[in-house]
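Below is a predicted model. The questions that follow ask what lies behind the terms used to describe it.

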Amino acid sequence: MIDTDDIPSNPTTNPHLADMVSARVSRRTLIAGAAGTTVVGFLAGGTGDSALAAALSATGGNRPGSGPLLGFVEVPVSDADTIVVPEGYVAHALIPWGTPLVGGLDWKPDATNTSAEQALQVGFNHDGMHYFPLWWGWRGNRRGLLVLNHEYTDANQIYSAAQGSAITPDDAGREKVAKALAAHGVTVVEVQQQRDGTWTHVTGSRYNRRVTGTTPMNFSGPVGADHPLLQSAITPSPIGTLNNCAHGYTPWGTYLACEENWNGYFGTADPAWTPTPQQARYGVSATGFRYNWHVADPRFDIAQNPNEIHRFGWVVEIDPFRPDTTPVKRTALGRIKHESATFTLGSGGRAVVYTGDDENGDYLYKYVSARAWWSYRWVGKSPLDDGTLHVAAFDGAGNGTWLPLVHGTGPLTAENGWVDQADVLIRTREAADALGATRLHRPEWVTVNERNKDVYVTLTNGSGNGAPVNSNRDPNPYGHIVRIREAGADNTATTFTWDIYVIGGDPAYDPNVPADQPLFGSPDGVWADADGRIWIQTDVSNSSQNLATRGYDNIKNNQMLVGDPDTGEIRRFLTGPRGCEITGVITTPDQRTMFVNVQHPGESTTFWNTPSAPSTSNPTAVSTWPEGPGAARPRPATVVIRKLDGGKIGT
Ligand code: FEO
Ligand code: CA
Ligand code: CA
Ligand code: CA
């Protein structure tokens with residue numbers, strides 16, 4: 001069992017952030033926080049956290065008119081097969097995989113729902129998520145649209161015992177590929193709060209919608225659907241979105257679904273096929289991630305249908321309020337393995353989107369629109385179609401530069417083989433290689449603290465990629481969170497300073513980890529709420545979770561923590577069931593209801609696979625969450641969290 005994100009496909013010797021981090025952590029400034037925990041201050045420019053805190057308090061602080069950001073008693077680490085939240089909070093599961101979105105359809109616990117039924121049911125492996133209020137004012141906190149990604153499917157869970165997990169080259173195999181495709185993508189579902197405070201979904205709402213691996217797609221920006229590299233005889237028009245991991249949302253009310261590990265769905269049995277340099281740079285291989293869809297569906301055979309891959313790796317914009325609209329792949333944001341697409345506004349009202357390319361040794365990107373976002377919307381255009389994509393270069397002194405990926409500039413010239421801007425975007429990774437971007441330890445989510453415009457980037461874990469191994473954080477099994485401060489606190493800036501917000505880990509295995517910090521590792525989801533709380537979600541891979549041999553026995557199940565960036569304190573807020581990751585977090589606008597996703601509970605997990613590993617005939621080997629003991633199978637689901645006294649989540 002391997003974590004496919006850990007396999008690097010970056011052949012360059014571009015500088016690696018790990019070298020710089022080790023140099024800077026070794027001379028970090030530790031500032032005692034309110035609870036004695038530590039943060040690493042901004043060294044560059046002399047702007048420490050204490051200076052930031054003083055500046056914020058002089059202007060009313062991070063929390064006008066309220067008490068401390070964190071007010072709950074931390075929960076301990078857990079290996080229980082359940083969700084644990086702090087005393088005074090309540091949590092319940094909502095919209096588990098397979099929940100019918102229309103009337104007259106039943107969830108079948110033995111996994112015998114067909115592909116056609118799955119296309120009308122909530123998808124599998126909930127991930128990035130946003131809440132769009134359906135009403136103005138306070139009622140928007142009671143009724144809204146939950147929009148969430150479904151990253152991938154687990155063949156041990158989505159097929160019945162009679163079907164088995166293998167993909168065969170026949171009608172049965174085609175039905176199984178169709179069901180997997182229907183369980184991917186995005187769900188839009190109306191949710192509402194009941195008089196007793198609990199939340200339910202609205203079956204049959206006119207907004208309920210599934211976008212799947214076969215939904216028609218439009219292309220916009222420099223790469224059109226008519227581009228020669230996007231033509232396919234097998235699927236004449238572009239369809240589908242896959243491996244939608246984290247997400248973004250825009251001020252004009254749309255949702256951004258990101259396409260991450262799309263390469264893993266493609267493969268071939270053709271012994272004559274070998275990857276081109278471009279295919280290899282994106283990790284495309286004959287085996288893929290062993291989904292074996294190509295066995296039953298030539299759309300996913302890389303030898304037979306080589307251009308299909310160029311339709312993936314994009315950011316997809318979906319309008320949840322208009323179920324009849326076609327999703328649009330916004331190509332100006334680049335073609336990578338997008339983890340998230342985090343929107344913020346920069347000077348002049350320009351649209352800024354941060355997005356990480358989650359692979360060991362890959363890069364962090366930022367898109368900036370050419371003009372104010374609203375100037376495009378007024379004339380029926382998109383701010384996401386006309387701008388400049390940049391890639392980050394970090395130096396060892398705590399400074400950084402955003403390098404533009406623009407055809408004709410720097411090395412991206414016709415003489416060097418770059419045809420035009422569409423070519424630069426289709427081959428974004430290679431263009432960034434040429435610019436000398438800084439290789440990172442798997443950039444996952446990005447969030448912007450709108451209180452001060454600081455940018456937080458989770459680097460979940462990674463290893464050297466050929467960089468000199470000069471610290472015990474390279475390899476970096478526990479990951480860390482980098483904080484970026486753009487010049488002038490303007491997110492359109494082309495220079496920045498950076499430092500480390502927190503390093504994950506267990507001091508029993510790594511003395512660099514502060515002993516008074518909660519045990520956690522492999523940060524993935526990160527979200528700054530409206531008050532500036534930094535929510536951190538973990539995705540320790542199932543080959544490491546709970547295992548002493550991987551230094552993860554004390555950290556136990558995946559979890560969610562929350563930090564106060566002014567004091568540096570971090571507390572553990574939630575622990576998840578067995579085999580899951582915690583990903584996706586959003587609140588209602590009043591911050592009184594929080595939605596959090598539990599992805600892949602009960603997935604094959606080395607630590608829990610004894611005495612038996614999950615299979616289609618034994619799906620509950622690792623977990624029975626959320627139904628609990630006696631359940632037919634575990635199900636990814638959204639967890640709704642409320643504070644019993646009606647207060648803000650986190651206080
Ligand atoms: Fe889908 Fe990068 O985790
Ligand atoms: Ca992720
Ligand atoms: Ca992850
Ligand atoms: Ca994951």
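Q: What makes strand S22 (residues 454-459) count as mostly covered?
A: Six of its six residues are buried, and this holds on both faces, with Asp454, Tyr456 and Thr458 on one side and Val455, Val457 and Leu459 on the other.

Q: How do you know that strand S21 (residues 443-449) and S22 pair?
A: Pairing needs at least two bridges between two strands, and S21 and S22 have five, in the antiparallel sense, with Val448 standing opposite Val455. S21 and S22 form a hairpin with four residues between them, and Lys453 in the turn has a positive phi of about 70°.

Q: What joins S22 to strand S23 (residues 480-486)?
A: Five bridges do, and the two strands run antiparallel; Ile481 in S23 is the bridge partner of Thr458.

Q: Why is the arrangement around the calcium ion (ligand 2) called irregular?
A: Six donors count as octahedral if opposite donors are over 155 degrees apart and all others between 65 and 115. The six donor atoms here subtend angles of 51 to 158°, and the arrangement is therefore irregular.

Q: What does the pair Cys245 and Glu339 tie together?
A: Cys245 lies in strand S10 (residues 244-249) and Glu339 in the loop between strand S13 (328-330) and strand S14 (342-345), so the pair ties together parts that are 94 residues apart in sequence.

Definitions and conventions. Residues numbered from 1 in each chain as written. Chains lettered and ligands numbered in written order. Predicted model: local features only at pLDDT ≥ 70, side-chain atom pairs only at ≥ 80, totals over all residues. Heavy atoms only, no water. Donors = N, O, S within 2.8 Å, 3.2 Å for Na, K, Ca; no water. Tetrahedral: all angles 85-135°; square planar, octahedral: opposite > 155°, others 65-115°. Buried < 20%, exposed > 50% of the residue type's maximum accessible area, 1.4 Å probe, protein only.
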